[in-house]
Amino acid sequence: MTEALFHKTSSECSRVLTLNYSTSFSSAIRLLHNDLRGPIFHIYGFVRLADEIVDTFHGRDKVALLEQCRAETFDAIARGISLNPILNSFQKTVNEYGIDHDLIEAFFRSMASDLTEQAYDRQGYEEYIYGSAEVVGLMCLYVFCGGDRKQYEGLRDAARALGAAFQKVNFLRDIQADYQVLSRMYFPGCDFHNFSARDKAGIETDIEADFRAAYEGILRLPMKARFGVYVAYKYYYSLFRKIKDTAPAHILQKRIRIPNYYKAYIVLRATVKNRLRLIG
């Protein structure tokens, strides 16, 4: 028996966690080149672990749990091993691809702010999005670029834009639950009880700009990553378009979703475009 079996099992745990929590991201990850799937599952599993602490473990000491997660994460990275299989697979990816530790610190800062902040000004909003979403895109970009620092720097802004677009769409989609269950309003200057068409339109203009910047970067991604990231982009852009067509009052009342049959159509259409070399 060797340590390799533990690492393999840890990787499988991250994959299962991702499958259970996000069918859309899981589907997109499976469309990446096989070399990339494991490391991206490892990153998503880590992110999900911390996210669950702040969003789900009600009635528990979330501050202590999040700090424990942070300490164990950096201990795992330093030691090159962890008995927590999710953190073990994450540390392996961080160390293998040389992921900047500052990105992980920024992520934990945003998670911690979820435990204390209920509304954000413009600066706080931008800092939160950077730490909760943009850095995740940058971690994935380390994997996609396989150590090519010049390529990473050239795609950095686009990766941040894609992470920001995804997060802002999530905020719009989950606005009811965030406010009613978690008492949070992420969008600066907006009031849940007076969320107007003007508020929504301003947010959508901002998201549209993020999607445009992200798409330009997707076209320049390495081939191993391009198709899977493109499908994730199309999933979220389709959700965004559906939200745009929904009145503010309705998104305050229900969670907007993309049905599974339409997700399958997105994959089919993207596959055809990819084979015809219409992507990139």
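Student: Which residues of α10 are buried?

Tutor: Buried means under 20% relative accessible area, with exposed over 50% and partly exposed in between, using a 1.4 Å probe and protein chains only. In α10, K200, I203, E204, I207, E208, D210, F211, A214, G217 and I218 are buried. Keep in mind that this is a predicted model: local features need pLDDT of at least 70, side-chain atom pairs count only at pLDDT 80 or more, and totals for chains, interfaces and linings use all residues. Residues are numbered from 1 along each chain as its sequence is written, and side-chain values use heavy atoms, with hydrogens and water left out.

Student: What covers the buried residues of α10?

Tutor: Look for contacts, meaning heavy atoms within 4.5 Å. The cover includes α8, α11 (223-244) and α12 (248-251). Those labels come from DSSP runs numbered from the N terminus: helices are H or I with at least four residues, strands are E with at least two.

Student: What span should helix α10 have?

Tutor: The expected span is 1.5 Å times one less than the number of residues. The 22 residues of α10 (residues 197-218) should span 32 Å, and the end C-alpha atoms are 31 Å apart, which agrees. Helix α6 (residues 101-113) has 13 residues and reaches 19 Å, close to the 18 Å expected.

Student: What caps the N-terminal end of α6?

Tutor: Check polar contacts: pairs of N or O atoms within 3.5 Å where, within protein, one must be able to donate a hydrogen and the other to accept it, and residues adjacent in sequence count only if both atoms are side-chain atoms. Here D100 does the capping, with a side-chain oxygen 2.9 Å from the backbone nitrogen of D102. The buried residues of α6 include L103, F107 and M111, and their cover includes α3 (34-55), α5 (85-97) and α7 (122-145).

Student: Is N95 buried or partly exposed?

Tutor: N95 sits in helix α5 and is partly exposed, because its relative accessible area is 40%. N95 touches I77 and G80, not counting residues up to four places away in sequence. Its side chain reaches the backbone oxygen of I77 at 3.1 Å.

Student: Which residues line the largest cavity?

Tutor: On a 1 Å grid over the protein atoms alone, a cavity is a set of points where a 1.4 Å probe fits but cannot get out; lining residues have an atom within 4 Å of a point. In this model they are F171, I175, D178, R184, M185, Y186 and F187. That lining divides into five nonpolar, no polar and two charged residues.

Technical notes. 1 Å grid on protein atoms, 1.4 Å probe; cavity = no way out; pocket = protein on both sides within 12 Å on 5 of 7 lines; lining within 4 Å. Nonpolar A, V, L, I, M, F, W, Y, C, P; charged D, E, K, R; others polar.
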